[in-house]
Amino acid sequence: MKPITIAIASGKGGTGKTLVATNLAVFVARTGVRMTLADCDVEAPNDHLFFDVHPDVSVVEVPIPEVLAGTCPEGCTVCRDTCRFGAIRMLGGGPVVFPDLCHSCGACVDVCPAGMLGERQVRVGQTGAGVVQDGLGLVMGQLDVGQMKAPTVIGATRERAGTEGADVVILDAPPGVACSAVATLHGVDFLVLVTEPTSFGLHDLVLMVELGRELKLPMAVVLNRVGTGVVDVAGYCQSEGIPIIARFPFDREVAACYADGGLLVDGHRLGHQWFSDLWESLREQLASIGSGVPA
Amino acid sequence: MIDLETMASVVISNDENRAGAEGAGIGAVELLAHHGAQAAIVTKVGPKAADAFRRAAIPVYMAAGLTVREAVTAFSRGELTRLDLG
Amino acid sequence: MRTLVVASGKGGTGKTTLSAVLVRLVARRRRVVIADCDVEASNLPVALRANVVTRSSFAGNPRAVVDEDFCEGCGDCLDRCRFGALSLSDKGFAVIDPWMCESCGACAQACRVDAISFVPHRAGEILVGKGPTGPIVFGRLRPGEDLSGKLVTSVRERAEGIANERGTDLIVIDGPPGIGCPAIASITGANGVLAVTEPTLSGEHDLRRLVGLAHQLQVPVKVVLNKADLSATGAGRIRAACQELELELVGEVAFDADLPPALEAVAQGEAPPSSLDALTAVRSFQKIWSRLEPWVDG
């Protein structure tokens, strides 16, 4: 059975995506639902800091063209002319590949008339998977420092998460609304947007809602850090018909607990209640779109 | 491009590269390689172009604040600093 | 021309808020051009209430489209696509999913009847605004688009052009979170990175990754610890990490809930800029800038 996939995202960084994703995953797993939490913020993955996991690591690689031994036909520039990214160039002594620009599409290899191009695997990052507790697995993706292919590592992370046999998969998304966000959110069953009542929070929420609509995803909002600003994010959600499924107050105790890698559901007196209520609201939303989770 | 023996020179447009999606610096180096440049004199060079120069085996010399004539003269006298391309 | 990048591996450490404080202080005594390179969620113009002066279009990768007049439904293009972007529609024509398509052209290469072509596509825009500290250049990427790195580079080039025109010798970049393409494009070739962190495990973890990236790009780093009083153990960890990585911690700024509304009030014209001087964050930054300025100027 294909798991139900819920993404936790926000345009702005630091609104509380990881806080929500980690605590929700732990809470729901304890109700008996088989969960996988996948950390798709591959540039700056943080979920693993809240758990004591010994992940089983797999390398993520991409195929990059390599020039094989031999001589190119005199004056031939077919590979260079075919590449739409300028990743293979004629620099005087034959074709030279620029891996950072390469999209691994294989077009140049296919089009070469002289069989001079092969492919080699180049490492761009890794995925890891481990057990947090009974019924909760953690999958994390990590982009190698200096590499640019975040969407590739995100794809590998989602794929790995899909093989864990869970009923529900929670994706902790990276901040932003560009290609990394699309790689994380494309095709999920539900999108939870975490925001805060500040002008930055609202500005970036609007961008995320636009992306969510383009991707045709059902959405709901978690309003975090209520009390830190006076911007009427709730009013915006209402006018856009987006349900608010939780409101968490700003609380220095929350910040302190989180700062030291603690889970709110265990370390904060209201944590368990907050996430119980959030899960209840989220389940209602899921049921209303036909993705109900059995109790 | 200047031929140091004859001092004949020709100007090559780099406009096509500037409009490209990525790697405009690399495109400039490719253009120079295509025209058979054996050395390049620059005022500054970005990391992508520097990498391309290295891979094209074209040495690069720095000449900020000089006219082309002054730079070529200084180069001929061995007065320009060669850039370490790594 | 000197360039300082305010960056942070982790999002939400207060980079943009502190950038707003920094540029307001810097601009009191010298000219500065700001480049907001967080092109996926550009917030510094919001913080400074900048007025947009010019907009230019930013072209994305041309989009691949199938001409159904010629498509024979042979499926060769499906076999060639490595990104799962192609499928056959109910009518038997090839269909390209724009979310999966990388615009690589492998499908167009495979097509025997040349039914696939590329159309220009706007991915975003570059804006030049005028704010209380002078010119601010920023980019807006349409949600879901590629090429955020290229947009960052374009924003930087525009900022440099404006700085040169005006004889301004300092550019301050408000960087994006993370360490991917837009961060790499923001940091490459800069004179220094001011890494903003917070006293949390996540903050420390991501600071280390950011420092690793800056090191690879050969750009020196100094660190500022924001919201320093949220966790004493966390602050201790950051200080220890800075020592271990041999980085100067140029300042620690306490969490101040009054800071964002105070910046808002000044931006809205409801309070004079001098009202900021009462805030501890601003006083901390006066000292921080006095340590940073000679370093940035080399």
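Modeller: In chain C, the C-alpha centres of domain 1 and domain 2 lie 42 Å apart. This is a predicted model, in which local features need pLDDT of at least 70 and side-chain atom pairs count only at pLDDT 80 or more, while totals for chains, interfaces and linings use all residues. Residues are numbered from 1 along each chain as its sequence is written, and chains are lettered from A and ligands numbered from 1 in the order in which they are written.

Biologist: What are the bounds of the two domains of chain C?

Modeller: Domain 1 of chain C comprises 2-58 + 126-297, and domain 2 of chain C comprises 63-120. Such bounds come from an automatic or database domain assignment. Chain A is likewise divided, into domain 1 (4-59 + 135-288) and domain 2 (69-115), and the C-alpha centres of these domains of chain A are separated by 41 Å.

Biologist: Why is Asp76(C) called partly exposed?

Modeller: Asp76(C) has 15 C-beta neighbours inside 10 Å. A buried residue has 20 or more other C-beta atoms within 10 Å of its own, an exposed one 12 or fewer, and a partly exposed one a number in between. Asp76(C), with 15, therefore counts as partly exposed. Asp76(C) belongs to helix α3 (residues 76-80) of chain C, and the C-alpha atoms of Asp76(C) and Phe285(C) are separated by 61 Å.

Biologist: Which residues does Asp76(C) touch, leaving aside those up to four places away in sequence?

Modeller: They are Ala110(C), Cys111(C) and Arg112(C); contact requires C-beta atoms, placed from the backbone, within 7 Å.

Biologist: What makes helix α1 (residues 17-30) of chain A roughly perpendicular to helix α10 (residues 271-288) of chain A?

Modeller: Their axes are 10 Å apart and the helices pack at an angle of about 80°. Angles of 65 to 115 degrees count as roughly perpendicular, those under 35 as roughly parallel, those over 145 as roughly antiparallel, and the rest as oblique. The pair α1(A) and α10(A) is therefore roughly perpendicular. Residues in this contact include Phe27(A) of α1(A) and Trp279(A) of α10(A). By class, the contact of α1(A) with α10(A) has six nonpolar, three polar and no charged residues.

Biologist: Why is α2(B) described as roughly parallel to α3(B)?

Modeller: The axes of α2 (residues 24-34) and α3 (residues 47-56) of chain B come within 7 Å and cross at roughly 30°. That angle makes α2(B) roughly parallel to α3(B). The crossing of α2(B) with α3(B) is right-handed. The contact residues divide into eight nonpolar, one polar and one charged. Gly25(B) in α2(B) and Lys48(B) in α3(B) are among them. Gly counts as polar and Lys as charged, whereas Ala, Val, Leu, Ile, Met, Phe, Trp, Tyr, Cys and Pro are nonpolar, Asp, Glu and Arg are charged, and the others are polar.

Biologist: How many residues does each chain bring to the contact of chain A with chain C, and which helix of chain A gives the most?

Modeller: Chain A brings 51 residues and chain C brings 47. On the side of chain A, α6(A) gives the most, with eight residues. That side has 22 nonpolar, 20 polar and nine charged residues.

Biologist: What percentage of chain A is buried?

Modeller: Of the 295 residues in chain A, 54% are buried. Chain A contains ten helices and eleven strands, and its C-alpha atoms fill a box of roughly 75 × 40 × 40 Å along the principal axes.

How values were computed: Axes fitted to C-alpha atoms, helices over the stretch in contact; angles between N-to-C directions. Helix = DSSP H or I, 4+ residues; strand = E, 2+ residues; numbered from the N terminus. Left-handed = near helix turned anticlockwise from the far one by under 90°. Contact = placed C-beta atoms within 7 Å.
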